[in-house]
Amino acid sequence: MILTRLLPASVVGLILFFLAFPIVVVAIVSFSEATYLTFPPPAFGLRWYQAYFSSADWLKPTWVSLWVAAAVVVLATFLGTLAALGVSRLSRPMRIFATGLILSPMIVPGIVVAIGIYYAYSRYGLVGTPIAMVLAHTCLAVPFVVTSVTASLAGLDPRLEQASLSLGATPGATFWQVTLPLIRPGVLVGALFAFITSFDELIVALFISGTGAVTLPRRMWDDLRFQIDPTIAAVSTLTIVLTAALMGCAHILRKRNQA
Amino acid sequence: MGEAGMNGAGRGASVTLADLEKRYDRVNAVDGVSLDIRSGEFLTLLGPSGSGKTSTLMMIAGFEMPTAGDIEIDGKSVVAMPPYRRNIGMVFQNYALFPHLTVEENIGFPLKQRGVPKAERAKLVAEALELVHLPGYGARYPRQLSGGQQQRVAVARAVVFKPRLLLMDEPLGALDKQLRENLQLEMRRLHADLGITFIYVTHDQEEALTMSDRIAVMNDGKVAQVGSPEDLYDRPTDRFVAGFIGESNFLPAIVRGMEDDIVVAECNGTTIRAVCPGRPATGDKVTLTTRPERLRFTDSAWNATPPQNRLSVTVTEAVFAGERCRYMLQAGDGTSLVLKEPSSAAIQRRAIGERAEISWSVADTILV
């Protein structure tokens, strides 16, 4: 009796520990007072957070990442929402084909996409510019917006749009006053995912950020390669907190959409 | 006309459907429907699912493009006109209220599209809520209302902008029987109050009979018969209509001759007279139809009118159903008939196996 109850619980516990352990270690190390990465830390303090917030080497890539992600949110949400609306109005075989194309950046291995983007962009001299980062990340983020908005559209009663038209609303007015408010949670969830996709993206950044558009994950990567100092743990922890907060928002929005 | 002041003098639109067709892939959903709907009329499109009644309504509303034929509203073709310019009120199945808007905003929606100023809008919305007996419900959201209340809001929203034509697609389908019956009467009252043309789609024949001025019975994409409820019930012109509206008995017979407008036919050795719109030839094999509640046992206390048609039968089943008794009977040739007799404590129920004679009026016998 006890065994049948304890066994699954302990298996779940082990899995959770396995998943969360690296994150927990990083978070603990970030509060270390030691000058080198060591676990467990000899003493606790905010020293490495101080180091992060007072270092232009870290703050500049942070701003680059935030700006790129913000631009990606705007672009990917706009394009992704339009794409989802368009795809939903296609005939079934066309819809499957179009959806496959749109989702391909999500399905194809990241390194392959990165190499493709690198070759294409270097031809136009874009490598190392923030515009390249925005465009490349938009490609990666659009599938998330399309998936999320499509799910919202699937739950939308087509009669609501018909009702709107019958009541004298033009197709444009119907979109702004009926369709968009009803799929808004899906659009916002898509926007959050677009932000996260761009903000923690490394592979494409390795290829095309050059020296002119170094993003935060790229900076972290470089840091790990040339020196090891606990600032990276502080940065990681901050990134984890931001991402978790955004995921939380997305979850709440989805819940509200279902209610 | 109530105090609400809604468009009492305004007359309804007339609608003409001319050889209307709608083909999906290779199936004719609507196959040559021609219909004149009069100004201010309550017309019901009645038929089983797949009969083309909803497709016809969707074409009038403008959501479906006819494959062929024309739709005229007040004499003007509207086929090329988008739905948002047709100025037609529509009540949808499951109401299609906007879930993100309050009742007030839902009803005000068509007024907002027409640029009606806010103050005027509030006044009209309040009037519309009064018209459907829901004053004070403006601030609620649709999900906070019962099905019947949502239905009324949908009606208010569809008439608040004073359209001359109101389309309704099975608007009572999702409600329970009691509520449906109440709302049927309310729809009739609304129709009388507003004086506009109603086109109502349903598969429920009782609903159609209760509410309509005229009913167009649809089957296989065609109009089988158009007429008043009495016309359709008392004088169905074909077997489908006789079977779909109410219950019918069908008797196979052979035409033996005519007496003025009355057909004299022979049904397994018995002479039966029937009303007939056409003139069948002697010797034709035909089907006669009668309603179960219009048959009587010849020796019954209910049998007041002199019977004109008589038939010997055997009782095969007797079911007491409260207000009436339902008998299954078998004629000499094996044809089954149903007879419904009003129940009374004074009348003894017939036993199974009992032989009896039934009789009914010639006027209640139709050749289809």
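This is a predicted model: local features need pLDDT of at least 70, side-chain atom pairs count only at pLDDT 80 or more; totals for chains, interfaces and linings use all residues.
User: Before we start, how are residues numbered, and what does pLDDT of at least 70 apply to?

Analyst: Residues count from 1 along each chain as its sequence is written, and chains are lettered from A, with ligands numbered from 1, in the order in which they are written.

User: Thanks! How many helices and strands does chain A have?

Analyst: Helices (H or I, at least four residues) and strands (E, at least two) are DSSP runs, numbered from the N terminus. From the N terminus on, chain A runs α-α-α-α-α-α-α-α-α-α-α. The count for chain A is therefore 11 helices and 0 strands.

User: And how many helices and strands are in chain B, and what box do its C-alpha atoms fill?

Analyst: Chain B has 8 helices and 20 strands. Along the principal axes, the C-alpha atoms of chain B fill a box of roughly 75 × 50 × 40 Å.

User: Which domains does chain B have, and how far apart are their C-alpha centres?

Analyst: Domain bounds come from an automatic or database domain assignment. For chain B that assignment gives domain 1 (15-238) and domain 2 (247-367). Their C-alpha centres lie 39 Å apart.

User: Let's zoom in on strand β7 of chain B. Is it mostly covered or exposed?

Analyst: Look at both faces of β7(B): B:Leu165, B:Leu167 and B:Asp169 are buried on one side, and B:Leu166 and B:Met168 are buried on the other. In a regular strand the side chains alternate between the two faces of the sheet. With 5 of its 5 residues buried, strand β7 (residues 165-169) of chain B is mostly covered.

User: Which strands pair with β7(B), and in what sense?

Analyst: Two strands pair if DSSP finds at least two bridges between them. Strand β6 (residues 89-91) of chain B has 3 bridges to β7(B), with B:Gly89 opposite B:Leu166. Strand β8 (residues 197-202) of chain B has 5 bridges to β7(B), with B:Met168 opposite B:Tyr200.

User: What handedness does the β-α-β unit of β7(B), helix α5 and β8(B) have?

Analyst: A crossover is right-handed if, with the strands pointing away from the viewer, the path from the first strand over the helix to the second runs clockwise. Here the helix between the strands is α5 (residues 177-194) of chain B, and the unit is right-handed.

User: Why is one side of β15 and of β18 in chain B left without a neighbour?

Analyst: These strands belong to an open sheet of 5 strands with antiparallel pairing, in the order β15-β19-β16-β17-β18. β15(B) pairs with strand β19 (residues 355-360) over 2 bridges, and B:Phe297 has B:Ile358 as its bridge partner. β15 (296-297) and β18 (336-342) lack a neighbour on one side because each stands at an edge with a single partner strand.

User: Is B:Val153 buried or exposed?

Analyst: B:Val153 sits in helix α4 (residues 147-159) of chain B. Residues are in contact if their C-beta atoms, placed from the backbone, lie within 7 Å, and B:Val153 touches partners including B:Leu97, B:Ile107 and B:Leu134. B:Asn106 is 47 residues away in sequence, yet 8.1 Å away in space, C-alpha to C-alpha. Because 25 other C-beta atoms lie within 10 Å, B:Val153 is buried.

User: Finally, how many residues does each chain give to the contact between them?

Analyst: On the side of chain B that touches chain A, the largest share, 3 residues, comes from helix α2 (residues 103-113) of chain B. The contact takes 15 residues from chain A and 16 residues from chain B.

Note on methods: Two residues are in contact if their C-beta atoms, placed from the backbone, lie within 7 Å. A residue is buried if 20 or more other C-beta atoms lie within 10 Å of its own, exposed if 12 or fewer, and partly exposed in between; C-beta atoms are placed from the backbone. Lists of a residue's contacts leave out its neighbours within four places in sequence.
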